[in-house]
Amino acid sequence: MLQLGKAWRPVSLVRCKTTLIMGPPGGGKGTISKKLIKDFNFHHISTGDLLRTQVRLGTPQGLKAKSYMESGDLVPDELIIDMVLSKVEDISSSRVLLDGFPRTRVQAEALDKKKQVEIAINLAVPNEEIVRRTSSRWIHPGSGRTYAYDYNPPKEEGKDDETGESLIQRDDDKPAAVKARLQEYDNQTLPLLDYYKEKGCLRQFDGSDNPDLVAKDRRSDAIYASLKPFMQGSLG
Ligand code: ADP
């Protein structure tokens, strides 16, 4: 029988799969993204990381974004849309994971014009847990390495494992900013869940299939235990 080689596969089978990871601030998007990249070889774009890099480098975009980020507000749509879409266009990988974008309706509509969203994953984490998690999160400002005192604490309290330099709390993890971020999330980002639900690509995970892990304060592990088999089924 005639075997069709890889080069003859119909284009529709190799088209780009864009996956979104959404959820409240400090809800574990970064942790879950790392696991997805390792297991599924995604090209990862995190808007929080992109913005923090611009701030660190002192670029015009970084200078503009800094004050919004420190006070827990979303940066203006036009700034983030240009930054993300120019990256998205450059990617040749067939699997893209967008982490932290879109967060507003305007951003979602701008993305739709460039890429088809295949799967929108929402991490549903209660607000009380967010407040607790963010207050225990510390970072090494030079590298962006993140520690959580209750989850992956540094070997020595207050010090980065690799350099021994002091850890700091992100300005936007301080209590007043966390409150503002949750408010922004409720007002601007939560409505996007309906947007993706209507398109039929929303999948919600809250870890409740694995209550023992949630009870041990390991909600990200509980979520991933359900998310991983779902992704295996979806991505093939
Ligand atoms: P978190 O999800 O914990 O809020 P991120 O690292 O994803 O943290 O984002 C940090 C900050 O960067 C946000 O509080 C916001 O100020 C800004 N930011 C990130 N992504 C976006 C976006 N898509 N639109 C507007 N602002 C954004």
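**Entry 1. Phe230 and the aromatic pairs**

I began with Phe230, which counts as partly exposed at 21% relative accessibility. For this I took buried as under 20% relative accessible area, exposed as over 50%, and partly exposed as in between, with a 1.4 Å probe and protein chains only. The model is a predicted one, so I note that local features need pLDDT of at least 70 and side-chain atom pairs count only at pLDDT 80 or more, while totals for chains, interfaces and linings use all residues. Residues are numbered from 1 along each chain as its sequence is written, and side-chain values use heavy atoms, with hydrogens and water left out.

I then searched the whole structure for aromatic pairs and found two. Rings of Phe, Tyr and Trp (its six-membered ring) pair if their centres lie within 6.5 Å; planes under 30 degrees apart are stacked, over 60 edge-to-face, and the rest tilted. The rings of Tyr195 and Tyr196 are edge-to-face, because their planes stand at 85°, with the centres 5.1 Å apart. Tyr195 is buried at 9% relative accessible area, and Tyr196 is buried at 0%.

Phe230 pairs with Phe205 in a tilted arrangement, 5.7 Å centre to centre and 55° between the planes. This pair links distant parts of the chain: Phe205 lies in strand E7 (residues 202–205) and Phe230 in helix H10 (residues 219–235), 25 residues apart. Helices (H or I, at least four residues) and strands (E, at least two) are DSSP runs, numbered from the N terminus. Phe205 is buried, with a relative accessible area of 11%.

**Entry 2. The sheet**

I traced an open sheet of five strands in the order E2-E3-E1-E4-E7, with parallel pairing. Two strands pair if DSSP finds at least two bridges between them. The edge strands are E2 (43–46) and E7, each of which pairs on one side only. From one strand to the next, the twist averages 20°. Axes here are lines fitted to C-alpha atoms, for helices over the stretch in contact, and angles run from 0 to 180 degrees between N-to-C directions.

I looked next at strand E1 (residues 17–22), where five of the six residues are buried. Five bridges join E1 to strand E3 (residues 95–99) in parallel, and Thr18 stands opposite Val96 in E3. E1 also pairs with strand E4 (residues 117–123) in the parallel sense, over five bridges; the bridge partner of Ile21 in E4 is Ile121. E4 and E7 pair in the parallel sense over four bridges, and Ala120 has Leu202 in E7 as its bridge partner.

**Entry 3. Helices on the sheet and against each other**

I found that helix H1 (residues 29–40) packs on the sheet, touching E1, E2, E3 and E4, and that its direction makes about 175° with that of E3. Contact means heavy atoms within 4.5 Å. Helix H2 lies across E2 and E3 and runs at about 60° to E2.

I then examined H2 (residues 47–57) against helix H3 (residues 60–70): the two pack at an angle of about 115°, with their axes 8 Å apart. Among the residues in contact are Leu51 and Val55 in H2, and Ala65 and Met69 in H3. The residues of this contact divide into four nonpolar, four polar and two charged. Ala, Val, Leu, Ile, Met, Phe, Trp, Tyr, Cys and Pro count as nonpolar, Asp, Glu, Lys and Arg as charged, and the others, Gly among them, as polar.

**Entry 4. Ala110**

I located Ala110 in helix H5 (residues 105–114). Ala110 is buried, with a relative accessible area of 16%. Not counting residues up to four places away in sequence, Ala110 touches Ile81 and Leu85. The C-alpha atoms of Ala110 and Asp77, 33 residues apart along the chain, are separated by 9.8 Å.

**Entry 5. Backbone exceptions**

Most residues other than glycine have a negative phi, and most peptide bonds are trans. Which residues does a cis peptide bond join? I found the bond between Phe101 and Pro102, with omega about 0°; Pro102 is in the loop between E3 and H5.

Asn41 has a positive phi near 60°. Asn41 lies in the loop between H1 and E2 and is exposed at 63% relative accessible area. Asp217 has a positive phi of about 65° although it is not a glycine. I placed Asp217 in the loop between helix H9 (211–215) and H10, where it counts as partly exposed at 32% relative accessibility.
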